[in-house]
Amino acid sequence: AGPNLDATLDTGPLPNGGGLQDLDLDVTFDKPGDAVASPARIVGFVQDLPATLNLKQQGGKTIYDAATVVPKVTLDARNLPGGSSGGSLDGDLHNAVGTLTGVPKHFEISAGSDAGVVANGAFARADLEAWDHGAQNGAFPEDDRNKVSLNTRDGRLHVQARVFDLSKVLLGTSLTTKVETAFGAAPKPLDIAVDGGTGGEPLDLDVVVTDLPTSSTFTLSQLLGMKIGWTAQSSGTDVNLKLSAKDVGADLTLTDLPSFVDVCVGGGLVGCSPKAPSFFQAGDDLWIFPNSFTAVTNANGTIRMGG
């Protein structure tokens, strides 16, 4: 199937030295036979319109291409098509709202197994929100911090981000929760909130990251124990992690992280593999773990963990 929307605009400056033009966009379209009953509508604004601008809407992906960097772009897309007639709207991107400043020449906003935005340069600031159906969230507080939230509870999808000097933020929504970021300069602190699982067996995750590197990937899975992964461009990051789930609960502080870390904490003999020993000697001290506890770490430097 072809794209739902593919629009190209070629412009020039206003006459008599009037400067660059702005663009107001208001497009309504419909895809017969999809799961969304109402027609899709995309409302947008581009300040100081570049000489060439192309905007594509391909299902759950919005693709923006421009000849030059522009000061500001806003986008409000509702009832985006997808699925089949009579099908559920849960878990698919049908709504997206964004305000972007210092906008690079190319970026893509997507949903699916990896939801977020990827650009060929850094935004000065990006406020983004994408969800399946229902109400839009309230704005994040203005606290000069990067913020990302992801809600996949009971098969739903709601992603929200407010980031500074960002070129990439992707949130994985499969069995492994993943947050991948890239920045154009020394990043501000990052707060991550994840609401997953089900109403009966919820998973709540809150992560606070300081001394954030310019690029990093954080992963969390709990298929067999709680597995935390961290891969970064540089070392020295501090992370505070709070997790509440049916089988695992944790309140961990990891300081001066190496650039590569894997930590697994689990219960039972198969929680984490290979199993950690049930006891070990450290000088004159003998440390004994309960038989039901397993802890395995792997890193390219020293892991300092408390909690």
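## Briefing: strands, aromatic cluster, cavities and loops

Ala139 sits in the loop that runs between E9 and E10. The model described here is predicted. Its secondary structure consists of 23 strands and zero helices. The protein has 307 residues, of which 39% count as buried.

**Whole chain**

- Among contacts with a separation of 6 or more, 58% come from residues 24 or more positions apart.
- The accessible surface amounts to about 14,800 Å², and carbon and sulfur atoms make up 52% of that area.

**Aromatic pairs and a charge over a ring**

- How many aromatic pairs does the structure hold? There are two.
- Tyr64 belongs to strand E5 and Phe107 to strand E8, which covers residues 106-110. The pair therefore ties together parts that are 43 residues apart in sequence.
- Tyr64 has a relative accessible area of 3% and is buried. Phe107 is likewise given 3% and is buried, because the limit for that class is under 20%.
- Phe107 also pairs with Phe123, at 5.4 Å centre to centre and 65° between the planes. This pair is edge-to-face, because angles over 60 degrees fall in that class.
- Phe123 lies in strand E9 (residues 114-131) and Phe107 in E8, so their pair ties together parts 16 residues apart in sequence.
- Phe123 and Phe107 are both buried.
- Which residues form one aromatic cluster? The members are Tyr64, Phe107 and Phe123.
- Elsewhere, Lys188 is placed over the face of Phe164, 5.4 Å from the ring centre.

**Thr62 in strand E5**

- Thr62 is part of strand E5, which spans residues 61-66.
- Is Thr62 buried or exposed? Its relative accessible area is 5%, so it counts as buried under the 20% limit.
- Leaving aside residues up to four places away in sequence, Thr62 touches Leu55, Lys56, Gln57, Leu75, Phe107, Glu108 and Ile109. One of these, Phe107, is also a member of the aromatic cluster with Tyr64 and Phe123.

**Cavities**

- A search of the whole structure gives four cavities of 30 Å³ or more.
- The largest cavity holds about 160 Å³ of space.
- Its lining consists of 20 residues. Nearest the centre of the largest cavity are Ile109, Leu128, Glu129, Ala130 and Val159.
- Strand E7 (95-103), E8, E9 and strand E11 (158-173) are the elements that give two or more residues to this lining.
- Which element gives the most to the lining of the largest cavity? E9 does, with six residues.
- Ile109, one of the residues nearest the cavity centre, is also among the residues that Thr62 touches.

**Loop residues with positive phi**

- Asp48 is not a glycine, yet its phi is positive, about 55°.
- This aspartate is in the loop between strand E3 (40-46) and strand E4 (52-58).
- With a relative accessible area of 27%, Asp48 is partly exposed, because the value falls between the 20% and 50% limits.
- Asp154 also has a positive phi, near 55°, and is a residue other than glycine.
- Its place is the loop between strand E10 (146-151) and E11. Asp154 has a relative accessibility of 47% and counts as partly exposed.

- Pro32 is in the loop between strand E2 (23-29) and E3. Its relative accessibility of 74% makes Pro32 exposed, because that class begins over 50%.
- Pro32 and Pro81 are 49 residues apart along the chain, with their C-alpha atoms separated by 9.0 Å.
- Ala139, in the loop between E9 and E10, has a relative accessibility of 74% and counts as exposed.
- From Ala139 to Arg162 the C-alpha distance is 9.0 Å, and the two residues are 23 residues apart in sequence.

Conventions
Residues are numbered from 1 along each chain as its sequence is written. This is a predicted model: local features need pLDDT of at least 70, side-chain atom pairs count only at pLDDT 80 or more; totals for chains, interfaces and linings use all residues. Side-chain values use heavy atoms; hydrogens and water are left out. Helices (H or I, at least four residues) and strands (E, at least two) are DSSP runs, numbered from the N terminus. Buried means under 20% relative accessible area, exposed over 50%, partly exposed in between (1.4 Å probe, protein chains only). Contact means heavy atoms within 4.5 Å. Rings of Phe, Tyr and Trp (its six-membered ring) pair if their centres lie within 6.5 Å; planes under 30 degrees apart count as stacked, over 60 as edge-to-face and the rest as tilted. A charge sits over a ring if NZ of Lys or CZ of Arg is within 6 Å of the ring centre and within 35 degrees of the ring normal. Accessible areas come from the Shrake-Rupley method with a 1.4 Å probe; for residues, only the protein chains shown count as cover. On a 1 Å grid over the protein atoms alone, a cavity is a set of points where a 1.4 Å probe fits but cannot get out, and a pocket is an open set with protein on both sides within 12 Å along at least five of seven lines; lining residues have an atom within 4 Å of a point. Grid points are joined across faces, edges and corners, and a volume is the space filled by probe spheres set on the points.
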